[in-house]
Amino acid sequence: MVNTAASGKGKGPAPGAKASAAGPSPERPMTRKTPRSGEARKWGEITLFVGPALVMFLVFVVYPVASALRYSFYKWNGVKAFSEAEFIGLENYRRALFGPGVFKTAYSEPFWTAIGHNFAIIALSMSIQLPLALIIALILNRRFPGRTAVRLIIFAPYVLSEVIAGVMWLIIFDPNGIATKLFTDLGLTPPAGGWFEDQKWGFWTVFFVVTWKYLGLAIILFLAGLSGVPQELQEAASIDGASWWQIQRRINIPLIGPTIRIWAFLSIIGSIQLFDMVWVLNKGGTVGQYSTIASFMMDKGFFRKDMGFGSAIAVIMFLISLIVALLYMFFILRRDNSDSVKKAR
Amino acid sequence: MDEPVTLTWWHNAVAGDNGENLLGDYWQKVADDYHALHPNVSFQIEQIQNEDLQRTRIPVALQSGDAPDIFQQWGGGELADQADAGYLMDLSAAIPDAIAELGGAVAPWQYDGTTYGVPFTFGVEGFWYRKSLFEKAGITSEPATMDELNADVQKLKDAGIIPISVGAGDKWPAAHWWYNFALRECAKDVLQASGITFDFSDPCFVAAGEDLKAFIDTNPFQPQFTSTPAQQVPSSSAGLLATGKSAMELMGHWNIFVLDGFAADDAAKAALDADLGWFPFPATASGKGDPTAALGGGDGFSCYKDAPAACADFLAYLVSADVQKGFAEAVGSLPVNPAAASAVTNPNLQELAAVSGNAAYVQLWLDTTYGQNVGGAMNDGIVAIFAGTGTPQGVVDLMTAAAATA
């Protein structure tokens with residue numbers, strides 16, 4: 001009992017921690033205080049270390065989530081006091097998801113379109129960003145002059161603030177900008193409605209920008225994973241006559257599997273919550289060409305003063321993220337987690 | 001002596017790209033002058049960018065119960081919401097003389113017969129155009145009817161000039177086209193009643209969309225207009241007009257500042273001002289609206305319900321004839337107080353003021369009238385027509401749906 005308590009403290013500054021990590025020591029019971037005061041001390045430390053974080057978590061995460069859930073059952077314009085808002089049950093959810101009658105074209109159709117965009121970005125991330133990042137990482141995973149500079153350049157978009165990057169692309173894709181000029185000079189026709197606003201092109205232009213922005217993270221993560229692959233394995237393989245491609249396919253890629261799976265997880269969650277870039281570009285498009293759940297929520301909640309409805313969208317987005325995250329953890333990351341448990345043993 | 005009070009004041013006059021802030025500087029002077037007259041009243045002024053102020057800061061401050069004493073007020077549906085929630089000071093009883101002096105322009109700042117704010121500037125919308133480009137295309141007079149406008153559009157196209165620029169990327173500049181068609185199609189009582197009943201069943205609302213669609217089909221706008229913002233960058237709709245790439249833009253009275261902002265120096269500004277002309281929205285062949293009716297809007301201020309009494313008195317001072325004259329002179333904009341009209345020197349603003357004065361009636365911007373919910377739905381529907389995905393009926397459907405949620 002005492003033993004587990006001490007090791008449970010982990011990195012705590014308890015004098016017995018080191019001894020317990022090294023195995024039971026016969027002297028320890030004599031130097032330790034009574035179990036009771038040890039217990040009190042343990043709880044004191046837990047309170048001290050976890051308390052502030054827990055308070056922050058409760059105030060800034062749990063309370064707002066609970067409030068959003070509450071608001072989502074009301075008809076509330078965000079102007080009058082909430083106490084005067086009218087309780088309408090699940091009406092906001094019904095309007096968002098099923099949109100009976102007049103609400104269909106105004107609310108549920110644009111909402112499903114936005115959800116569709118989020119999931120399209122997930123699918124495209126996995127089918128385009130993942131292979132692309134992997135290939136670039138494998139190519140860069142060797143010594144060559146200027147390697148640091150190349151890595152820096154690749155990572156730069158990720159470090160840029162979303163707003164700055166968004167404004168930059170707005171300038172590039174301006175109707176009179178360099179993208180249009182380049183296209184016309186090459187004898188091609190730029191999209192009729194404009195790069196970001198064209199019904200066909202808008203979404204793809206945005207996906208291009210998003211890929212540009214986030215590809216660096218994937219590459220850097222994969223490179224970090226690759227640097228952890230033992231050099232001897234690759235050497236042994238090449239002595240056995242394996243080609244470069246075989247080494248990548250049989251050794252490098254399988255060994256950075258956990259890194260890829262974690263990146264995919266971050267990418268999926270990020271895709272569901274995608275907002276900043278989309279909003280900066282033009283609030284999801286003049287007619288929602290590249291709207292996402294979050295931009296739809298912002299538009300209806302704050303800009304239309306439909307706070308109850310906006311809250312319902314927020315709750316739906318939270319549930320989608322939660323379900324996707326749990327499914328991913330359960331079906332895909334479980335293997336990695338059990339691996340690490342086995343290794344730890 | 002009266003008890004000392006400090007009035008907090010939030011307004012939207014922020015410095016532009018060149019660091020110039022004529023309006024902000026003028027408000028500071030007004031506050032200082034008032035303080036000299038009433039030493040017990042001091043001011044704490046915050047300048048906040050318009051969108052932040054209107055969409056986030058003011059609503060949140062009102063919700064929290066700790067709102068600024070004086071804050072920017074755009075009138076219409078938004079004012080009605082705030083008044084309904086009991087956030088605004090009743091100015092009718094406090095400063096009746098000042099309100100009477102301003103005349104009919106106060107109407108958008110009134111709700112249920114009570115005045116909850118006062119405007120300091122108000123103007124109507126019309127076409128800003130380049131005289132030199134009209135000349136180049138062989139246009140000799142300002143179009144008075146849609147047929148004439150269509151003919152002029154064709155002449156400009158033949159001369160290789162973009163006839164009209166529109167900042168449809170920002171939605172509202174595109175939406176203003178529909179408002180003007182609605183003003184021509186709908187009878188006055190139908191349009192005004194719609195702001196209260198939110199009943200859009202009259203066929204004139206669909207007709208407005210059909211007029212707009214027919215006009216868009218003549219291709220009068222610059223390429224990629226749904227990607228074009230209204231202001232700031234040179235490729236914006238105002239930038240195209242200011243740099244002589246397009247011949248016309250439909251815009252409110254503030255456009256003169258936006259256009260001047262593209263001039264490199266005072267000489268260029270003077271040359272641009274001399275080349276700019278203005279005419280009201282043309283008459284349409286059909287419709288029940290009065291051809292002289294105009295759309296317009298302005299800026300004003302409200303007092304928070306718990307603000308000291310000095311707040312109302314200060315607003316009366318702010319819209320008094322002398323302060324309004326000073327506003328017209330220092331800022332170059334259109335004052336509301338008729339006694340200050342003589343201080344306006346720009347010929348286009350003078351013409352605009354005359355059209356406003358002679359209008360059968362002046363309708364406040366429809367999105368402001370309907371409030372953010374229905375107004376926003378309307379703008380979305382209109383922009384969809386511009387983008388080619390929406391229909392005239394769609395605009396009415398979106399508005400009806402939004403009205404059903406309020």
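Q: Is B:Asp112 buried or exposed?
A: This is a predicted model: local features need pLDDT of at least 70, side-chain atom pairs count only at pLDDT 80 or more, and totals for chains, interfaces and linings use all residues. Residues are numbered from 1 along each chain as its sequence is written, while chains are lettered from A and ligands numbered from 1 in the order in which they are written. A residue is buried if 20 or more other C-beta atoms, placed from the backbone, lie within 10 Å of its own, exposed if 12 or fewer, and partly exposed in between. B:Asp112 has 8 C-beta neighbours inside 10 Å, so the class is exposed.

Q: What is the phi of B:Asp112?
A: B:Asp112 lies in the loop between strand E4 (110-111) and strand E5 (114-115) of chain B. Helices (H or I, at least four residues) and strands (E, at least two) are DSSP runs, numbered from the N terminus. Most residues other than glycine have a negative phi. B:Asp112 is not a glycine, yet its phi is positive, near 55°.

Q: Is A:Lys305 buried or exposed?
A: A:Lys305 sits in the loop between H15 and helix H16 (307-344) of chain A. Its phi is positive, about 55°, although it is not a glycine. With 24 other C-beta atoms within 10 Å, A:Lys305 is buried.

Q: Which residues does A:Val210 contact, leaving aside neighbours within four places in sequence?
A: A:Val210 belongs to helix H10 (residues 202-227) of chain A. It has 22 C-beta neighbours inside 10 Å, so it counts as buried. Two residues are in contact if their C-beta atoms, placed from the backbone, lie within 7 Å. With those sequence neighbours left out, A:Val210 contacts A:Ile121 and A:Met277.

Q: What share of the residues of chain A count as buried?
A: Chain A is built from 16 helices and two strands. Among its contacts between residues at least 6 apart in sequence, 59% join residues at least 24 apart. Chain A has 345 residues, and the share that count as buried is 31%.

Q: Which helix supplies the largest share of the side of chain A that touches chain B?
A: 28 residues of chain A are in contact with 32 residues of chain B. Helix H6 (103-140) and helix H15 (293-303) of chain A each give at least two residues to the chain A side. The largest share is four residues, and it comes from H6(A).

Q: What angle do H3(B) and H17(B) make?
A: Axes are lines fitted to C-alpha atoms, for helices over the stretch in contact, and angles run from 0 to 180 degrees between N-to-C directions. Under 35 degrees counts as roughly parallel, over 145 as roughly antiparallel, 65 to 115 as roughly perpendicular and the rest as oblique. Helix H3 (residues 76-84) and helix H17 (residues 366-387) of chain B have axes 3 Å apart, at an angle of about 80°. That makes H3(B), relative to H17(B), roughly perpendicular.

Q: How many charged residues are in the contact of H3(B) with H17(B)?
A: In H3(B), the residues that meet H17(B) include B:Gly76, B:Glu78 and B:Asp81; their partners include B:Thr368, B:Tyr370 and B:Gly375. The contact has two nonpolar and seven polar residues, and the number that are charged is two. Ala, Val, Leu, Ile, Met, Phe, Trp, Tyr, Cys and Pro count as nonpolar, Asp, Glu, Lys and Arg as charged, and the others, Gly among them, as polar. By these classes, the charged count in this contact is two.
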